[in-house]
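Please keep the sequence and the coordinates at hand while reading.

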Amino acid sequence: MASQNAVRGVYWYYGSEFPVSKIESSLFTHLFCAFAELDPQTNQVTIPSGSQAQFSTFTQTVQLKNPSIKTLLSIGGGGGDQIAAAFESMASQASSRKTFIDSSINLARSYNFHGLDLDWEYPNTTTQMTNFGLLLNEWRAAVAAEAQNSGRTPLQLSAAVLYLSYYYSTSVAYPIQAISNSLDWINVMAYDFYGPGWSTVTGPPAALFNPGNTISGDYGVTSWINAGLQASKIVLGFPFYGRAWQLANPNENGFFAPAVGAALTDAVAYSGIKDFINDNGIKTIYDETYVSNYCYSGTTWIGYDDTDSISAKVVYIKNKGLLGYFAWQVSNDDDNWTLSREAASTWGA
């Protein structure tokens, strides 16, 4: 595997209907094209129906603004039990793993991607984690063989993973050795810690720190490093969206205030949060203890990342010796690319 320079990445999701041509790719080093699908019958990687043109021209399009950008085809996503079951089944047999691997490489090459990104959310039993490790090892071997046979640069391999180095409710560990040996890096999803669908109080959705609590980006990064993964293989994720709650009492409006469910659309794009702030003429609060922002008007309360928290997270990433950052997802930034520019300028791009 080639040693990586920094990763300053973002996901583009076809379901957002955000034109690929609008991506300000000069602000990034890597773009993840999401999501290719896993056919549960054939174990082949396929392109979503009606998205062939966008996926096939993705690399060519984003390289117009940044010829050196690297693109990765991301497979899977957080689509619930059906996708997770397809991954579990595929990874359980050597023959189906090979079908998946070969089809992913063929697809990446035919569409001119520079790499592949696995988004299995999430292996959660000892058997699934073992098979996940086998899949990664076999994928790396196949990628190396393909590069040798074709004389091309090997495809990069990454995986989007839980913020912890183990699945939280079962404490089953990710296969650290296979990850270290086979992946160029992992994308640590350090967000959705709190949300109105599962939290009865407001909270910092992507807290970097959370004193006395294990629900934070720093706790997750530390768990990966303590498990034996090199810091230089960790890419920390942050959200370009927030979570909106309805407060039980508008006078109790800080973090961990009682709430009675979702407000607005629950998940709110950063661009929409900016509109909400401007429309209501409200102040925003940055809490450096959690490295998170929030705002509220009446009973509507939103926790999110703004330029303060994004900048602090990038400084943390550099100080920790991590490989870089990624964001979900590109269409949620505002028209001025405020969060993307803040991250890039703080990094020193």
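With which residue does D102 form a salt bridge, and how far apart are the closest N and O atoms? In this predicted model, the partner of D102 is K98, and the closest N and O atoms of the two are 2.6 Å apart. Both residues belong to helix α4, which spans residues 94-110, and they are separated by 4 residues, about one turn of the helix. D102 has a relative accessible area of 29% and is partly exposed, since buried would require a value under 20% and exposed a value over 50%.

The pair K320 and D218 also forms a salt bridge, with an N to O distance of 4.0 Å. K320 is part of helix α9 (residues 307-320) whereas D218 is part of helix α7 (residues 217-227), so this pair ties together parts of the chain that lie 102 residues apart in sequence. Here K320 counts as partly exposed at 32% relative accessibility, while D218, at 19%, counts as buried.

A further salt bridge joins K313 to D305, whose closest N and O atoms are 2.7 Å apart. K313 counts as buried, with a relative accessibility of 2%, and D305 likewise counts as buried, with a value of 1%.

| Salt bridge | N to O distance |
|---|---|
| D102 and K98 | 2.6 Å |
| K320 and D218 | 4.0 Å |
| K313 and D305 | 2.7 Å |

Searching the whole structure gives 9 salt bridges, and a network of such bridges links D192, R243 and D266. In general, side chains of opposite charge can pair when their charged atoms come close.

As for the fold, the chain contains 10 helices and 16 strands. Its radius of gyration is 20 Å, which agrees with the value near 20 Å that a compact globule of 349 residues would have. Along the principal axes, the C-alpha atoms fill a box of roughly 65 × 45 × 40 Å. Of the 349 residues, 56% are buried, and the accessible surface of the chain comes to about 13,800 Å², with 47% of that area belonging to carbon and sulfur atoms. Among contacts between residues at least 6 apart in sequence, 73% join residues at least 24 apart.

Note on methods. Residues numbered from 1 in each chain as written. Predicted model: local features only at pLDDT ≥ 70, side-chain atom pairs only at ≥ 80, totals over all residues. Heavy atoms only, no water. Salt bridge = Lys/Arg side-chain N within 4 Å of Asp/Glu carboxyl O. Helix = DSSP H or I, 4+ residues; strand = E, 2+ residues; numbered from the N terminus. Buried < 20%, exposed > 50% of the residue type's maximum accessible area, 1.4 Å probe, protein only. Rg over C-alpha atoms; globule rule 2.2 N^0.38 Å. Contact = heavy atoms within 4.5 Å. Areas by Shrake-Rupley, 256 points an atom, 1.4 Å probe, with all protein chains shown as cover.
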